[in-house]
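Dear colleague,

I am passing a structure on to you, and below it you will find my notes on what was found. Please keep the model open while you read, so that you can look up each residue as it is named.

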Amino acid sequence: MQPLQPSPEPDRTADQDIPALDPTDQGVRDAMRRYLHKMRGSTRGASPRVSNAEVFWSWLGSFIGIALVAWLNSHWFPATDATLLIGSLGASAVLLYGAPRSPLAQPRNLVGGHIISAVVGVTVWLLFGAVPWLAAALAVATAIAAMHLTRTLHPPGGATALIAVIGSEQVHALGYLFVLLPATLGPVLLLLVALVINNIPATRHYPEVWR
């Protein structure tokens, strides 16, 4: 009778080559998959084209609003350092005349957003103007936060804050006068035109709310 041989040890080399699945790693992968999935957009598609009448009234309001501001700028302020016409007013015109029912186009948002953003922009320029890239980022980010806190969110306001930082010497020379000209008077003029033009067609009314 042969003596019993000891059982051979199992080969664990193959098991060592397969790393154990860490539940934490799986959670990270799932979170990343959900995050990337958001970038695919929704399935609702593009917004429908508006009617020709809407196109006309949007065009007319924008034309009259910007023409009024530009005319006053060229006749009242050509010999001064003040300016009434800045690029962010063009963006406001898109909302005000092209999407007058948008919450971002209402009077509180239009006027308040520009004023608050101008105050932020000028302040940031005075404090951090020596570091232009930092001043630009701080002005826009702080303006957005301030508009959120005051319920005056108006996207062109971010541009107004940025103009206060990266604008010409003429803009910087205005100091806090920039808040009045153009950041208050310009939007008010656009608002007056919107109150007239946006209430002419039966399909439009403006504003939705005042506050």
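**Notes on the structure**

Asn-109 counts as buried, because its relative accessibility is 11% and buried means under 20% relative accessible area, while exposed means over 50% and partly exposed lies in between (1.4 Å probe, protein chains only). This residue sits in helix H5, which covers residues 107-128; helices here are DSSP runs (H or I) of at least four residues and strands (E) of at least two, numbered from the N terminus. If residues up to four places away in sequence are not counted, Asn-109 touches Pro-103, Leu-104, His-114, Arg-151, Thr-152, Leu-153 and His-154, where a contact means heavy atoms within 4.5 Å.

Before going further, please note that this is a predicted model, in which local features need pLDDT of at least 70 and side-chain atom pairs count only at pLDDT 80 or more, whereas totals for chains, interfaces and linings use all residues. Residues are numbered from 1 along each chain as its sequence is written, and side-chain values use heavy atoms, with hydrogens and water left out.

**The chain as a whole**

The chain has ten helices and zero strands, and buried residues make up 36% of its 211 residues. Of the contacts with a separation of 6 or more, 72% are between residues 24 or more positions apart. The accessible surface comes to about 13400 Å², and 66% of it belongs to carbon and sulfur atoms; such areas come from the Shrake-Rupley method with a 1.4 Å probe, and for residues only the protein chains shown count as cover.

**Salt bridges**

How many salt bridges are there? The count comes to three, a salt bridge being a side-chain nitrogen of Lys or Arg within 4 Å of a carboxyl oxygen of Asp or Glu.

One of them joins the side chains of Asp-30 and Arg-33 (2.8 Å, N to O), and both residues lie in helix H2 (residues 23-37), three residues apart, which is about one turn of the helix.

Another is formed by Arg-204 and Glu-54 (3.2 Å, N to O). Arg-204 lies in the segment after helix H10 (185-197) and Glu-54 in helix H3, so this pair ties together parts that are 150 residues apart in sequence. Arg-204 is buried at 7% relative accessibility, and Glu-54 is buried as well, at 19%.

**Aromatic pairs**

Three aromatic pairs were found in the whole structure, where rings of Phe, Tyr and Trp (its six-membered ring) pair if their centres lie within 6.5 Å, and planes under 30 degrees apart count as stacked, over 60 as edge-to-face and the rest as tilted. Among them, Phe-56 and Trp-57 have ring centres 5.2 Å apart and planes at 70°, so this pair is edge-to-face. In the pair of Trp-59 and Phe-63 the centres are 5.2 Å apart but the planes are at 10°, so the rings are stacked. Trp-59 and Phe-63 are separated by about one helical turn, because they are four residues apart in helix H3 (residues 52-76).
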